[in-house]
Amino acid sequence: MQAITDTKHLTVQTLPPILVLTGEDVGQFEWLKKDILNKIGYDPSDLNYSYFDMKEASYDEVELDLVSLPFFADEKIVILDHLLDVTTAKKRNLTDEDLKQFENYLENPSESTRLVIFAEGKLDSKRRLVKLLKRDAQIIEATTPKEQEVKRYFASQAQELGLQFEGDSLDQLLLKSGYDFGELQKNIALLQAYKEDGQITLEDIEEVVPKSLQDNIFDLTQMILKRQIDQARNLVKDLRLQGEDEIKLIAILLGQFRMFSQVKIFSEEGQSESQIVASLSELSGRKVNPYQVKFALRDSRRLSLSFLKQAMMTFIETDFAIKSGTYEKDYLFDLALLKVANSV
């Protein structure tokens, strides 16, 4: 992944006059921000470093620091965090006058100041400020990588950490972590602490890695198919308390039932499990996890295509009703679960 490559050899000595970290991949962005601060030796008690949270700081304070001379060194480092004014985010923290002053500074920056900007989100290329940064700064962008890039990176990282993934355990880790960079970093650390010998099995993944939303939806699907309504309601209640929205839950459930339909159709056409994996991978444009197909084949075997079509239609209609504000969304969601469970 290019952003990580760009920061690999970064040190306080190699820090460019202006460095900008941006990007829409939240997990990767946050990890890179911590990594950059660590590599440049940021210490809040060191007077040669100045940190400003741009959600709270006034630009007058920032500018004073940008142009002032360092205390005990030839250069100082000024860090501007959450500078959303250079992104497409609607929220603005600086006035037009502040932005104009900052542009003026960038036209003639202090030679004794190195500037580090953290701006989560997408840079707004229409702004003159961004054009100046693109002209004069080193910009590192945390873009969402392809799944194969994520797998290659974490396979390499695991090797550096002395971890060996047996069989399909790395694929299962990627799946349970949702291919999210931040989650994968945390889960790799958990596995490293859990297995001193570094040998990671599928059982270790199930034992150590916390349940993801996808795992919970898988459990919810099983409860629906077994008509375990009370258990399903309790799980949905827990997911709501965790901040999960009904529309998001419907989207994942719909994907689960679509998978059931697809594997059933391919299976009835005579395709083997491995052929179904290949067919679904070709359809989706990404490598489908074989374990998803294995479980979908098992669970869809006793389900009819007419039931699966009706279940998907129920979720689609519920999604529309929620977005239209027909009734309370929790009522509509619970009603959808009952309809699907009672039609199994």
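**The nonpolar core and its surroundings**

Mentor: Of the contacts in the chain with a separation of 6 or more, 75% are between residues 24 or more positions apart; a contact means heavy atoms within 4.5 Å. This is a predicted model, in which local features need pLDDT of at least 70 and side-chain atom pairs count only at pLDDT 80 or more, while totals for chains, interfaces and linings use all residues. Residues are numbered from 1 along each chain as its sequence is written, and side-chain values use heavy atoms, with hydrogens and water left out.

The chain has 16 helices and seven strands, taken as DSSP runs numbered from the N terminus (helices H or I, at least four residues; strands E, at least two). Its C-alpha trace spans about 75 × 55 × 35 Å along the principal axes. Of the 344 residues, 48% are buried, where buried means under 20% relative accessible area, exposed over 50% and partly exposed in between, with a 1.4 Å probe and protein chains only.

The largest nonpolar core holds 42 residues, and L220, L253, F257 and F315 touch the most other members. Such a core is a set of buried Ala, Val, Leu, Ile, Met, Phe, Trp, Tyr and Cys residues joined through side-chain atoms within 4.5 Å. At least two residues of this core come from each of helix 10 (213–225), helix 11 (229–241), helix 12 (246–268), helix 13 (273–284), helix 14 (290–300), helix 15 (305–324) and helix 16 (329–342). Helix 12 supplies the largest share, 10 residues.

Leaving out residues up to four places away in sequence, F257 touches T221, L225, F307, L308, A311, M312, F315 and V340.

The aromatic side chains come next. There are 12 aromatic pairs in the whole structure; rings of Phe, Tyr and Trp (its six-membered ring) pair if their centres lie within 6.5 Å, and planes under 30 degrees apart count as stacked, over 60 as edge-to-face and the rest as tilted. The pair of F257 and F260 is edge-to-face, because the ring centres are 5.6 Å apart and the planes stand at 75°. F257 and F260 are three residues apart in helix 12, about one turn of the helix, and both are buried. F257 also pairs with F315, here in a tilted arrangement with 5.5 Å centre to centre and 55° between the planes. Since F257 belongs to helix 12 and F315 to helix 15, this pair ties together parts that are 58 residues apart in sequence. F257 and F315 are both buried.

The structure holds one cavity of 30 Å³ or more. On a 1 Å grid over the protein atoms alone, a cavity is a set of points where a 1.4 Å probe fits but cannot get out, and a pocket is an open set with protein on both sides within 12 Å along at least five of seven lines; lining residues have an atom within 4 Å of a point. Grid points are joined across faces, edges and corners, and a volume is the space filled by probe spheres set on the points. The largest cavity has about 40 Å³ of space and is lined by I224, I229, A232, R233, L337 and L338. Helix 11 and helix 16 are the elements that give two or more residues to this lining, and helix 11 gives the most, with three residues.

The largest pocket has about 1200 Å³ of space. Its lining has 39 residues, and L175, Q214, D215, Q256 and Q292 lie nearest its centre. Helix 7 (169–176), helix 8, helix 9 (202–208), helix 10, helix 12, helix 13 and helix 14 each contribute at least two residues to the lining. The largest share, seven residues, comes from helix 12, the helix that also gives the largest share of the 42-residue core.

Finally, helix 2 (residues 26–39). G27, Q28, F29, L32, K33, D35, I36 and L37 of helix 2 are buried. Their cover includes helix 1 (2–7), strand 1 (18–23), strand 3 (76–81), strand 4 (113–120) and helix 8 (181–194). One aromatic cluster is formed by W31, Y153, F154 and F181. Just after helix 2, G41 has a positive phi of about 70°.
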